[in-house]
Amino acid sequence: MIMRDTDRALVQAATAVAKLRCRSDNHTVAAAVRSADGRVFSGVNVYHFTGGPCAEVVALGAAATQGAGELETIVAVGDRGRGVIPPCGRCRQVLLDYFPSIRVIVGPPEALRAVRVAELLPETYVWADHQLDAPAAPRTGVWPLPVVPGSRQSAED
């Protein structure tokens, strides 16, 4: 897909966060995500030897805490001028499960493009489709998805 001006602005936003906040081995990637209403949310990865959340997942969490509904486009940028980097497999799966129509900005600097997450994850596994004790949940692209079996809503929900 063709890059829009808003896509280029999203890359610039993630790049600015990477320059400002990715100054140690604990934070090496920044991500920015744009909601359907045009708001931009960012996050950085939280590296830890046991693993840790990627910048894309942190940005999704930031959007959720600010009440964002549908998310349209996301991008991750590496520290030290590494530019746009593609999401890892786990992030691709999370993006697909929560926002199946989200666009992901990928590619080299001279050929950036925005593609649907499903294009990055062919022959995808859809978690909700494989639950034996629950009907398949409709995938709307709006929070909250997926529902974890055995979980319960809090009193505030």
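**Salt bridges and cores in a predicted model**

The side chains of Asp-5 and Arg-8 come together in a salt bridge, with 3.4 Å from N to O, in what is a predicted model. Both residues belong to helix H1, which covers residues 5-21, and they are three residues apart, about one turn of the helix. An α-helix has 3.6 residues a turn, so residues three or four places apart point the same way. Asp-5 counts as exposed because its relative accessibility is 61%, while Arg-8, at 41%, counts as partly exposed.

The structure holds seven salt bridges, and Asp-79 takes part in a bridge with Arg-80, where the closest N and O atoms are 3.4 Å apart, as well as in one with Arg-82, at 2.9 Å from N to O. Asp-79 is buried, because its relative accessible area of 4% falls under 20%. Its two partners are placed otherwise: Arg-80 counts as exposed at 70% relative accessibility, and Arg-82 is partly exposed with a relative accessible area of 43%.

Salt bridges also link Asp-7, Arg-34, Glu-72 and Arg-103 in a network, and Thr-73 is in contact with Asp-7, Arg-34 and Arg-103, among other residues. Thr-73 lies in strand S3, residues 71-78, and counts as buried because its relative accessibility is 0%. Its side chain is joined to that of Arg-103 by a polar contact of 3.0 Å. Beyond its neighbours within four places in sequence, the contacts of Thr-73 also include Leu-10, Ala-32, Val-33, Ile-102 and Ile-105.

Two of those contacts, Val-33 and Ile-102, lead on to the largest nonpolar core, which has 22 residues and in which Val-33, Leu-71, Ile-74, Leu-95, Ile-102 and Val-104 touch the most other members. At least two residues of this core are supplied by each of strand S1 (29-35), helix H2 (55-65), S3, helix H3 (89-98), strand S5 (103-106) and helix H4 (117-120). The largest share, four residues, comes from H2.

Notes
Residues are numbered from 1 along each chain as its sequence is written. This is a predicted model: local features need pLDDT of at least 70, side-chain atom pairs count only at pLDDT 80 or more; totals for chains, interfaces and linings use all residues. Side-chain values use heavy atoms; hydrogens and water are left out. Buried means under 20% relative accessible area, exposed over 50%, partly exposed in between (1.4 Å probe, protein chains only). A polar contact is a pair of N or O atoms within 3.5 Å; within protein, one must be able to donate a hydrogen and the other to accept it, and residues adjacent in sequence count only if both atoms are side-chain atoms. Contact means heavy atoms within 4.5 Å. A nonpolar core is a set of buried Ala, Val, Leu, Ile, Met, Phe, Trp, Tyr and Cys residues joined through side-chain atoms within 4.5 Å. A salt bridge is a side-chain nitrogen of Lys or Arg within 4 Å of a carboxyl oxygen of Asp or Glu.
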